[in-house]
Amino acid sequence: MSIIKRYRYIPDSEIEAKANNILKRMQETPKYIPKWPLDATRVAEFLGLDVVWDRIPPDAEGQIAARILPLEHLIEINEDILELPKGFEQSTLAHELGHWELHIDQKTAGQFKELIKQGGKGEIDMQPFLCRAVSGQLQKMEWQAQRFASYLLMPHYILEQMAAEHDLTKWSHLYAMQKDLGVTITNLKVRLRQLNWIILPPGDNTIDMSLK
């Protein structure tokens with residue numbers, strides 16, 4: 001038996017609903033009311049997860065960005081990413097939270113944890129969930145987790161508020177939004193394009209407005 005779910009297609013609407021549901025439950029909990037830029041560490045704490053930054057050495061299959069230890073309710077982030085552009089760390093943690101919500105069988109993890117407490121291990125697969133560049137079905141799971149991170153860090157209602165105060169055709173305004181959201185400029189561009197609010201022709205830095 002495995003704590004990691006088999007891949008399945010998850011509609012974008014379902015992924016967004018899961019992220020929004022967490023934000024809604026946090027909003028209803030005074031200690032965790034969301035503020036932007038959203039601190040993904042607080043989201044992890046709200047979900048009962050510990051987060052540690054540590055150096056995760058590569059294995060035979062290459063670099064590992066992060067890993068989840070489901071029975072320990074622990075997310076380990078490779079501290080090497082701290083060398084990447086600001087905002088990447090929040091995106092990485094939010095991405096792992098996506099895996100936790102979408103790909104970890106939390107109910108089974110709880111049952112296994114109880115079984116271990118009672119002294120039995122049986123055929124439990126306790127391998128950590130590794131996050132790295134992959135292909136095939138695993139690549140689709142990485143894509144789902146990244147979508148979740150995007151919805152969590154940049155929910156539609158927050159973007160609507162910001163878009164009302166900024167000119168989306170100006171890079172200076174996009175960078176201001178990026179700073180307020182605590183994400184990378186690439187994260188923001190992808191999200192706005194996904195919403196069809198901006199158009200960025202390939203090889204051209206001119207931003208066009210879409211049918212917002």
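Which helices each supply at least two residues of the lining of the second largest pocket? I found helix H3 (88–103), H5 and helix H8 (185–194). Helices here are DSSP runs (H or I, at least four residues), as are strands (E, at least two), numbered from the N terminus.

Notes on the source. This is a predicted model, where local features need pLDDT of at least 70, side-chain atom pairs count only at pLDDT 80 or more, and totals for chains, interfaces and linings use all residues. Residues are numbered from 1 along each chain as its sequence is written, and side-chain values use heavy atoms, without hydrogens and water.

Second largest pocket. I read a volume of about 250 Å³. Of its 15 lining residues, Gln 146, Arg 147, Ser 150, Asn 187 and Val 190 are the closest to its centre. A pocket is an open set of points on a 1 Å grid over the protein atoms alone, where a 1.4 Å probe fits, with protein on both sides within 12 Å along at least five of seven lines; lining residues have an atom within 4 Å of a point. The volume is the space filled by probe spheres set on the points, which are joined across faces, edges and corners. H5 gives the largest share of this lining, six residues. I noted six nonpolar, seven polar and two charged residues in the lining. Nonpolar means Ala, Val, Leu, Ile, Met, Phe, Trp, Tyr, Cys and Pro; charged means Asp, Glu, Lys and Arg; the others, Gly among them, are polar. This pocket lies between domain 1 (1–153) and domain 2 (155–211), because both give residues to its lining. The domain bounds come from an automatic or database assignment.

Largest pocket. This one holds about 320 Å³ of space. Its lining has 13 residues, with Ile 4, Phe 129, Leu 130, Leu 138 and Met 141 the closest to the centre. Strand E4 (129–131) and helix H5 (137–153) each supply at least two lining residues. H5 gives the most, three. I noted eight nonpolar, no polar and five charged residues in this lining.

Backbone checks. Most residues other than glycine have a negative phi, and most peptide bonds are trans. The bond from Trp 36 to Pro 37 is cis, with omega near 5°. I placed Pro 37 in the loop between helix H1 (12–27) and helix H2 (40–46). His 73 is not a glycine, yet has a positive phi of about 50°. His 73 sits in the loop between strand E2 (66–69) and strand E3 (74–78).
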